[in-house]
Amino acid sequence: MLAYTARRIVYVVPIVISVALVCFLLVHITPGDPLVAVLPADASQELAAQLRAAYGFDRPLPVQFGLWLLRALHGDLGNSIATGRPVLAEVMRAVGNTVTLAIAAAIIGFTMGILLGLIAGYFRETWIDKVATSFAIAGVSVPHYWLGMLLVIIFSVQLNWLPAVGAGPSGSNSWAWDWAHLKYLVLPAITTSVIPMGIVTRTVRALTGDILSQDFVEALRAKGLHERGVFRHVVKNAAPTALAVMGLQLGYMLGGSILIETVFSWPGSGFLLNSAIFQRDLPLLQGTILILALFFVFLNLLVDIAQAAIDPRIKRG
Amino acid sequence: MSELPLSATADAALQAAPATKARGYWATVGRRIMRDKVSMACALVLLLIVLSAILAPWLGLEDPYKGSMIRRLRHIGTPGYPLGTDELGRDMLARLVYGGRLSLVIGILPVILAFCIGTSLGIIAGYVGGKLNTAIMRTVDVFYAFPSVLLAIAISGALGAGILNSIVALTIVFVPQITRVAESVTTGVRNMDFVEAARASGAGAFTIMRVHILGNVLGAIFVYATSLISVSMILAAGLSFLGLGTKPPEPEWGLMLNTLRTAIYVNPWVAALPGAMIFAVSICFNLLSDGLRSAMDIRN
């Protein structure tokens, strides 16, 4: 297990470096001068050159990448051009809100997905299966930003039950686990949960169906094992794959929250990314994407290791 | 993992395709999908939406660009405006029909482009193998380290707003996914006897890939690509929704949804209409892709 873990960690290093390279290059494919946002319109050539040197934009690209990577390793992702504050601190504060949202959505989406998937898999080709599968298909096909709007229309505009935007009463910035704050979490979390719900349902349904049609299940039943025992075997066999899918989905929720956070003005990393894009705040854009991508890479690593811990066959593969 | 359903279709294509005559196989698939009511209904809806988008100028609709301050945000069912009017008083029906033109193009084109590029890369990586395979597949791995929504937004955010940029960004998102599928299917085919036979009879690498490999892997890759269209539609409209795609006053479903967001307190159901179009197209493509997949799985 230790050897497998070590091997997986070593394998992650080149991925992390390449991810950093992509994030670094992202800024260099942008058209226009990255300094436009900070320079006053009537800036002299001298001031421009001075700032260029201050940001390091005057060096050759590979040198810039090396220096940037070195600084990034020390936790220095530069300063936001718009606010002047350190990028890492800005991103980390926002990521906290995104994690809150993703975990709430994961609890809803995964629970629903596993339940629907198990039911659909057990009652394959019946009307119960058809209903569950339709839910799943709708979940993966719905433009989630539109679903968010619909929920706001129904629960905020029409019924006036829940707040439409924000993450706390009167623009409060710090999250707290009380009803006043939780009210704000309900709609974004439900919206975020539909895609993982659909995908987990489909995965668990396929797994359950496959496992139930295998010979060993027949044998278990033949030897007189009660249904609960059979069910335990189904869960055990489905767990590694289902876990991998759920881990990946959690990563997608963390990294892909920009649309939902924009709809609900949820002050998370996606919202930050949105403002970075429209203020052409390139260091912030770069830093946010890097942090989110690294989250995703490490989540994948954790899932792989957890999967190998459950299913010993994977280590040998 | 996402490979789960893929390898299933790949298996199906591999086992079914060489065993039966090419025409016989596709004729069977065609017959099976024609008998599937859900698939046919979806195909019909899509056909309707695509045709009306293409024929929009000849359908006798209102001018989708002409607004009027005195008839803003009319409700659904207003005489003369069956689906109401938007925040600038433009006819919603006309805008939804015209909006299909751009929305469908920016949603479907990236998948077509990625299908061409990804299939070529995957077949080359899978057939040639060795260092080239490592180079291509490790590059693909890097893009897999980004969630696709994040990657799409990062690229189009860096490139700046614009239709072309959003198409480029989405193509970059889908190329690695299709390459992976194409590579794994090709690796499955390359060691089969008929490829060996072709090589023994003196066929060059390019000929083998074009004649012997392509025909046997295209089906599986195609089914996978059709399943991406739904995601692509949602993402493309999403980029416009964020303001990274089309510019106003162009009718496009994602952008319309964005500009109508401010109207949800006045006329919520009109504001929700463009999203319903995206949903309809997306779910139809998903169901059609599922239908195609099970139609190609001859074993059942």
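## A walk through a predicted two-chain model

Ala72(A) sits in helix H3 of chain A, which covers residues 61-73; helices here are DSSP runs (H or I, at least four residues) and strands are runs of E with at least two, numbered from the N terminus. This is a predicted model, in which local features need pLDDT of at least 70, side-chain atom pairs count only at pLDDT 80 or more, and totals for chains, interfaces and linings use all residues. Residues are numbered from 1 along each chain as its sequence is written, while chains are lettered from A and ligands numbered from 1 in the order in which they are written.

Is Ala72(A) buried or exposed? Ala72(A) is buried because 21 other C-beta atoms lie within 10 Å. A residue is called buried at 20 or more such atoms within 10 Å of its own C-beta, exposed at 12 or fewer, and partly exposed in between, with C-beta atoms placed from the backbone. Beyond its neighbours within four places in sequence, Ala72(A) is in contact with Ala20(A) and Leu77(A); contact requires C-beta atoms, placed from the backbone, within 7 Å. From the C-alpha of Ala72(A) to that of Leu88(A), 16 residues apart along the chain, the separation is 9.2 Å.

Next comes helix H6 of chain A, residues 144-158. Its 15 residues reach 20 Å from first C-alpha to last, close to the expected 21 Å, a span found as 1.5 Å times one less than the number of residues. At Val152(A), H6(A) bends by about 30 degrees, the angle between axes fitted to the seven residues ending there and the seven starting there. Val152(A) is also buried, and other buried residues of H6(A) include His144(A), Tyr145(A) and Trp146(A). The buried residues pack against helices of both chains, among them H7 (179-212) of chain A and H11 (268-296) of chain B. After H6(A) comes Asn160(A), with a positive phi near 60 degrees.

| Feature of chain B | Value |
|---|---|
| Secondary structure | 11 helices and 0 strands |
| C-alpha span along principal axes | about 75 × 45 × 35 Å |
| Buried share of 300 residues | 47% |
| Mean pLDDT | 84 |

Of the contacts in chain B with a separation of 6 or more, 72% join residues 24 or more positions apart.

How far can you trust the picture? The predictor's confidence in each residue, pLDDT, runs from 0 to 100. In chain B, 91% of residues reach 70 or more, but residues 1-8 stay under 50. Where pLDDT is low, the predicted coordinates should not be read in detail. The model scores ipTM 0.85 and pTM 0.86.

Conventions
Contact = placed C-beta atoms within 7 Å.
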